[in-house]
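Hi,

Here is the structure I said I would pass on. Have a look at it first, and then read my notes below.

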Amino acid sequence: MSNNIHRFAFTVAYPSRVNILQTNMSITPSAVLEDSKMKEDTVGAWDTGANHSVISSQLVQALNLKPIGITQVNGVHGKSSCNNYLIDMILPNQVIIQQVRVIESNSIPFGVLVGMDIIGLGDFTISNSENKTKFSFQIPSTHNTDYVAEIEEINKKNRPSQKYTTDDIRAYLAKRKKK
């Protein structure tokens, strides 16, 4: 990847192991649709099982968002038609993602559910070292993470292939003969 590309990232460290990745964020109506100074601070939950990002009905009302379309959604509660909105997300560390098409839901307990449409824009990692969850995200993607290759390389360095001399082999055979 070219070094001329500007990268954006944030990391959230939790004091213990968590089952839900949450970040504080701000949501604004998309600047391409209207010149609004409205901004709402909220909590977003990151969900790799969601194809698209979702916004709560409460946040839609607070921002006075206007629908830009309707999407047929197949969710855990069956099929439904949901309004779509265009927003800008301001994530931790001022990571801004503009023109995000979100689907409205009145059944999410967060302001925003961040789905794979956003997660897939970059590198997304979770670690639980020392039983403390750390979550990091960057855009654009710059890493091709492969833990298997990394571990194999470490193991190779820690256990280099053993070289045996003739004397080593003779000593080994002599020990076996005595048994």
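**What turned up**

Let's start with Val-32, which you'll find in the loop that links strand E2 (21-29) to strand E3 (40-46). Keep in mind as you read that this is a predicted model.

How exposed is Val-32? Its relative accessible area is 53%, and over 50% counts as exposed, so Val-32 is exposed.

- Asn-64 has a phi near 55 degrees. Look for Asn-64 in the loop between helix H1 (57-63) and strand E5 (69-75). Asn-64 is partly exposed, at a relative accessible area of 45%.
- Gln-99 has a phi of about 55 degrees, again positive. Gln-99 sits in strand E7, which covers residues 95-105. With a relative accessible area of 47%, Gln-99 is partly exposed.

One more thing to look up: which peptide bond is cis? That's the bond from Ile-139 to Pro-140, where omega is near -5 degrees. Pro-140 belongs to the loop between strand E10 (134-139) and helix H3 (147-158).

Cheers

Key: Residues numbered from 1 in each chain as written. Predicted model: local features only at pLDDT ≥ 70, side-chain atom pairs only at ≥ 80, totals over all residues. Heavy atoms only, no water. Helix = DSSP H or I, 4+ residues; strand = E, 2+ residues; numbered from the N terminus. Buried < 20%, exposed > 50% of the residue type's maximum accessible area, 1.4 Å probe, protein only.
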